[in-house]
Amino acid sequence: MNNVDNKIIFRITPRSVLDGAQGILWVILIFSAILLYDYYNGGRAYTSPFLFIFASILLLPQVALTFDYLMMNWSTSLVFDTLTEQITFSDSSRSFSFHNSEIIGSERIHTNINRVPWSSYHFYKLYVANQDPIILTSLLKNDLILEFGISWDDKLTFIPIVDKSSTIEEEVSLVDRFVKKYSDFELDKLTLIADDQSRYCHEAKVAARLLLKQKSE
């Protein structure tokens, strides 16, 4: 993560990978310490298959998640302008910009067990009008979505492998999603959205106009 001229830039770097994969390093260090201590004290634990099986059980999910997240976000770049709240997303297949208020839903997928070595691994799905879900893994930054100041729904799973499918109910129209998102907005903010000529998508402006009408009755 870099900060440049009021813009926060998220992309995978060696440091972000090390931060996100700390559990792997801890498991390796702990088991290395056990083996060294046992070896220099005449033990035979380093030949025990049970020790290596146990280490593999702890390591393999983390290695799989690290590889999965690297493949998902290797070419991802996310730029957040803190002044305009404009977000620019790009990866190997697409590039587009949208306003923070155009995020119509978000989910955080993480493990349902707290005390496992991979408990820090998670990813977010951002739902933006007329786009496939944006997937942002913890290798970009832990709890990255906090930077945007939006809420999310928690989805629990044993091992949070990336799933690209959409899970927000498809039968709910985009306008209805925006109405739900904007329901607590003040009149002046709704008016700004409704009158904007370029920043917001059509469905967002329709939702803002509907809410303005409701609140003025």
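**View 1. The buried side of helix α5.** Leu190, Ile193 and Ala194 are the buried residues of helix α5, which spans residues 187–195. They span an arc of only 100 degrees around the axis, so they sit on the same side of α5. The arc is taken from the directions that run from the helix axis to the C-beta atoms. Asp188, Leu192 and Asp195 are exposed on the other side of α5. Buried means under 20% relative accessible area, exposed means over 50%, and partly exposed lies in between (1.4 Å probe, protein chains only). The cover over the buried residues of α5 includes α4 (174–182) and α6 (202–216). Helices (H or I, at least four residues) and strands (E, at least two) are DSSP runs, numbered from the N terminus.

This is a predicted model, in which local features need pLDDT of at least 70, side-chain atom pairs count only at pLDDT 80 or more, and totals for chains, interfaces and linings use all residues. Residues are numbered from 1 along each chain as its sequence is written, and side-chain values use heavy atoms, with hydrogens and water left out.

**View 2. The whole chain.** Six helices and nine strands make up the secondary structure listed for the protein chain. The chain has 217 residues, and 42% of them count as buried. Take the contacts in the chain with a separation of 6 or more: 64% of them join residues 24 or more positions apart. A contact means heavy atoms within 4.5 Å. The chain exposes about 12,600 Å², and carbon and sulfur atoms supply 57% of that area. Accessible areas come from the Shrake-Rupley method with a 1.4 Å probe; for residues, only the protein chains shown count as cover.

**View 3. Strand β7 and its two partners.** Strand β7 covers residues 122–128, and seven of its seven residues are buried. On one side lie His122, Tyr124, Leu126 and Val128. On the other lie Phe123, Lys125 and Tyr127. Both faces are covered. Strand β6 (residues 103–111) runs antiparallel to β7, and seven bridges join the two. Two strands pair if DSSP finds at least two bridges between them. Ser106 stands opposite Leu126 of β7. Strand β8 (residues 134–137) also pairs with β7, in the antiparallel sense, over four bridges. Here Tyr124 faces Leu136 of β8. The hairpin of β7 and β8 has five residues between the strands, and Asn130 there takes a positive phi near 65 degrees.

View 4. Strand β2 (residues 7–10) pairs with β3 in the antiparallel sense, over four bridges. Phe10 has Leu78 of β3 as its bridge partner. β4 pairs with β3 in the antiparallel sense too, again over four bridges.

**View 5. Glu85 in the β3–β4 loop.** Glu85 lies in the loop between β3 (77–81) and β4 (86–90). The hairpin has four residues between its strands. Glu85 is not a glycine, yet it has a positive phi of about 60 degrees. Its relative accessibility is 32%, so Glu85 counts as partly exposed.

View 6. Ala55 lies in helix α3 (residues 49–73). Its relative accessible area is 11%, so Ala55 is buried. Setting aside residues up to four places away in sequence, Ala55 touches Val27 and Phe31. Ile28 is 27 residues from Ala55 in sequence, and the two are 8.2 Å apart in space, C-alpha to C-alpha. Helix α2 spans residues 22–40 and holds Ile34.

**View 7. A nonpolar surface patch.** Trp26, Leu29, Ile30 and Ile34 form this patch, with about 430 Å² of accessible area together. Ile34 is partly exposed, at a relative accessible area of 38%. Patches are made of residues with over 30% relative accessible area and no salt bridge: like charges are joined within 9 Å, nonpolar side chains (Val, Leu, Ile, Met, Phe, Trp, Tyr) within 5 Å.

**View 8. Two salt bridges.** A search of the whole structure finds two salt bridges. A salt bridge is a side-chain nitrogen of Lys or Arg within 4 Å of a carboxyl oxygen of Asp or Glu. Asp19 and Arg15 meet in one of them (4.0 Å, N to O). Both lie in helix α1 (residues 14–20), four residues apart, about one turn of the helix. Asp19 is partly exposed, at 38% relative accessible area, whereas Arg15 is exposed, at 66%. Glu147 and Lys141 also meet in a salt bridge (3.5 Å, N to O). Glu147 is partly exposed at 29% relative accessibility, and Lys141 is partly exposed at 25%.
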